[in-house]
Amino acid sequence: MDRIEKTDEQWRAELTPEQYEVLRRAGTERAFTGAYTDLEDSGVYRCAGCESPLFRSDTKFHSGSGWPSFSDAISPDVVTLKKDRSFLMVRTEVTCARCGGHLGHLFDDGPRETTGLRYCMNSAALDFDPVEDPVEPT
Ligand SMILES: [Zn+2]
């Protein structure tokens with residue numbers, strides 16, 4: 001996968017303030033405020049920074065957390081996981097493998113009948129692409 005590198009100024013110019021805050025500053029949107037928390041349409045969620053396809057709608061579930069939640073990524077190499085020790089917690093940060101943008105965190109309290117994982121994402125980090133037949137990751 002070709003990595004995308006941009007300067008902070010380029011990102012600031014291209015992204016909305018909300019997208020910039022989440023993707024480039026590892027911010028978290030307030031719960032229940034994101035555009036995609038309750039969306040059930042069929043399609044693909046892409047990275048708002050680089051359009052890389054990240055999640056399919058068929059792995060999305062209602063977690064009650066107030067953020068869009070997915071049980072799996074579209075493929076293991078589209079996201080990068082790393083330990084995040086901020087806020088006196090050890091969490092797993094999820095970033096976009098292509099542009100390095102911060103997406104959210106990964107928890108292990110997802111649906112037991114699938115992966116048991118919960119990708120807790122920020123709507124501002126995602127762009128929803130409504131397609132009937134989700135594309136394969138490139
Ligand atoms: Zn990206």
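Start by selecting Glu18, which counts as exposed because its relative accessible area is 51%. Here exposed means over 50% relative accessible area, buried means under 20%, and partly exposed covers what is in between, with a 1.4 Å probe and protein chains only. The model is a predicted one: local features need pLDDT of at least 70, side-chain atom pairs count only at pLDDT 80 or more, and totals for chains, interfaces and linings use all residues. Residues are numbered from 1 along each chain as its sequence is written, and side-chain values use heavy atoms, with hydrogens and water left out.

Glu18 belongs to helix α2, residues 17-23. Helices (H or I, at least four residues) and strands (E, at least two) are DSSP runs numbered from the N terminus.

**The zinc site**

Next, select the zinc ion with Cys47, Cys50, Cys96 and Cys99, whose SG atoms are its protein donors at 2.3 to 2.4 Å. Donors are N, O and S atoms within 2.8 Å of the metal (3.2 Å for Na, K and Ca); water is not among the atoms, so sites may look incomplete. Along the chain the donors have the spacing C-x2-C-x45-C-x2-C. Cys96 and Cys99 are both buried.

Now pick Gly49, in the loop between β1 and β2 (53-56). Gly49 is buried because its relative accessible area is 14%. Leaving aside neighbours within four places in sequence, Gly49 is in contact (heavy atoms within 4.5 Å) with Trp11, Leu15, Leu23 and Cys99. Asp38 is 11 residues from Gly49 in sequence, yet their C-alpha atoms are 22 Å apart.

From Trp11, bring up Lys6: its charged end sits over the Trp11 ring, 4.9 Å from the centre. This label requires NZ of Lys or CZ of Arg within 6 Å of the ring centre and within 35 degrees of the ring normal.

Then select Tyr36, Tyr45, Phe55, Phe70, Tyr119 and Phe128, which form one aromatic cluster. Rings of Phe, Tyr and Trp (its six-membered ring) pair if their centres lie within 6.5 Å; planes under 30 degrees apart are stacked, over 60 edge-to-face, and the rest tilted. The whole structure holds 6 aromatic pairs. One of them is Tyr36 with Phe128: the centres are 6.3 Å apart and the planes at 55°, so the pair is tilted. Tyr36 lies in the loop between α2 and β1 (44-47) and Phe128 in strand β9, 92 residues apart. Phe128 also forms a tilted pair with Tyr45, at 4.8 Å between centres and 50° between planes. Tyr45 is in strand β1, so this pair ties together parts 83 residues apart in sequence. Tyr45 is buried at 0% relative accessibility, and Phe128 is buried at 17%.

**Asn122**

Finish at Asn122, in the loop between β8 (118-121) and β9 (126-129). Is Asn122 buried or exposed? Asn122 is buried, at a relative accessible area of 3%. A polar atom of the Asn122 side chain lies 2.9 Å from the backbone nitrogen of Glu29. Not counting residues up to four places away in sequence, Asn122 touches several others, including Val22, Trp67 and His102.

Conventions: Polar contact = N/O pair within 3.5 Å; in protein donor to acceptor, adjacent residues only side chain to side chain.
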